[in-house]
Amino acid sequence: MANSQRKMIVFPSKNELSEAMAEYTANLSAKFIKEKGLFTVVLSGGDLIDWLCKLVQPPYIDSIEWSKWHVFWVDERVCSWDDPDSNYKLAMDGFLSKVPIPNKNIYAIDKNSSTDGNAEHCAALYEECLRNLVKENIIPISKKTGYPEFDLQLLGMGPDGHMASLFPNHPQINEKTKWVTHITDSPKPPPKRITFTLPVINSALYNLMAICDASPAKSVAEIMKHNNASLPSAHLSAQVENVWYLDQAAASML
Ligand SMILES: O=C(O)[C@H](O)[C@@H](O)[C@H](O)[C@H](O)COP(=O)(O)O
């Protein structure tokens, strides 16, 4: 059974949230590297990458064993790697290029297919990449769920309650066979994206959902107060901990 119990912490400002997110990530990095010699981290796009800036400052920049990190994306826009829309570019420019993670441990969307704009093929290739890493014992299969089990996912939520590229009133949220699926009519631009499916997202050991600003406040309240299942983020759970970090503005309607 997944642990769907949400743990919520409201921070006075983005700065404190950012500090706490860095500490949470660094602690899990140390724990997993000690236990199994590596740490699998899944990133999203959006403002989250900005909030991760504390990780590339002392003390974390020096204390984290970056060479043991394996980095993935919970969702990615289907565009070239140097496109301003690319989540890979966003994370590279703002975070990953500043720390010594081996390039081979950074699992981006396929370079050629994403440039060609073939969303379905990109999703299939990303799933194949995950399946190969299962064979190489980088990613275990969750004994509880049968899906790949990542150590930590860092997620964001849009004002409409979407997480990853699982949007309200779109069928991707119901996909249970694939590990990675695609969308060609995303309501948030750009329209073509690939995304982990819900069972994979919920098989992570730790899920940290970080939400700031007033625009998602209504959806935050719908989820926290009414568990409104029409909002994809209401379905987030985790195998060990499902923690939601909010700033005051995002929590303003609670
Ligand atoms: O590719 C994306 O669009 C992101 O990965 C997406 O899932 C993001 O996490 C939320 O949309 C929140 O985004 P903002 O932080 O920009 O509101």
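This is a predicted model: local features need pLDDT of at least 70, side-chain atom pairs count only at pLDDT 80 or more; totals for chains, interfaces and linings use all residues.

Q: Is S165 buried or exposed?

A: S165 is buried, because its relative accessibility is 0%. The cut-off for buried is under 20%.

Q: What does the side chain of S165 make a polar contact with?

A: With the side chain of D75, at 2.7 Å.

Q: And which residues does S165 touch, leaving out those up to four places away in sequence?

A: D75 is on that list too, along with I183, R193, I194 and T195.

Q: Which residues of α6 are buried?

A: A119, C122, A123, Y126, E127, L130 and L133. Seen down the axis of α6, these buried residues fall within an arc of 135°, so they line one face of the helix.

Q: Why does that spacing put residues on one side?

A: An α-helix has 3.6 residues a turn, so residues three or four places apart point the same way.

Q: What do the buried residues of α6 pack against?

A: Two strands you can find at 180–183 and 193–196, β6 and β7, are among the partners. The others are β3 (69–73) and α5 (111–116).

Q: What about the other side of α6, which residues are exposed there?

A: E120 and K135 are exposed on that side.

Q: What comes just after α6?

A: N137, which takes a positive phi of about 60°.

Q: New topic. Where does M209 lie?

A: M209 lies in strand β8, residues 206–211. M209 counts as buried, because its relative accessibility is 0%.

Q: What does M209 touch, again leaving out residues up to four places away in sequence?

A: L155, G156, M157 and M163 are on the list.

Q: How far apart are M209 and W244?

A: They are 35 residues apart in sequence. In space, M209 and W244 are 4.7 Å apart, C-alpha to C-alpha.

Q: Last one. What domain does UniProt annotate here?

A: The unreviewed UniProt entry annotates "Glucosamine/galactosamine-6-phosphate isomerase" over residues 13–242. Over that stretch, residues 13–242, the chain is 33% helix and 15% strand. The end C-alpha atoms are 21 Å apart.

Key: Residues are numbered from 1 along each chain as its sequence is written. Side-chain values use heavy atoms; hydrogens and water are left out. UniProt positions are given in the numbering used here, feature names are shortened, and annotations may be inferred rather than shown by experiment. Helices (H or I, at least four residues) and strands (E, at least two) are DSSP runs, numbered from the N terminus. Buried means under 20% relative accessible area, exposed over 50%, partly exposed in between (1.4 Å probe, protein chains only). The arc is that of the directions from the helix axis to the C-beta atoms. Contact means heavy atoms within 4.5 Å. A polar contact is a pair of N or O atoms within 3.5 Å; within protein, one must be able to donate a hydrogen and the other to accept it, and residues adjacent in sequence count only if both atoms are side-chain atoms.
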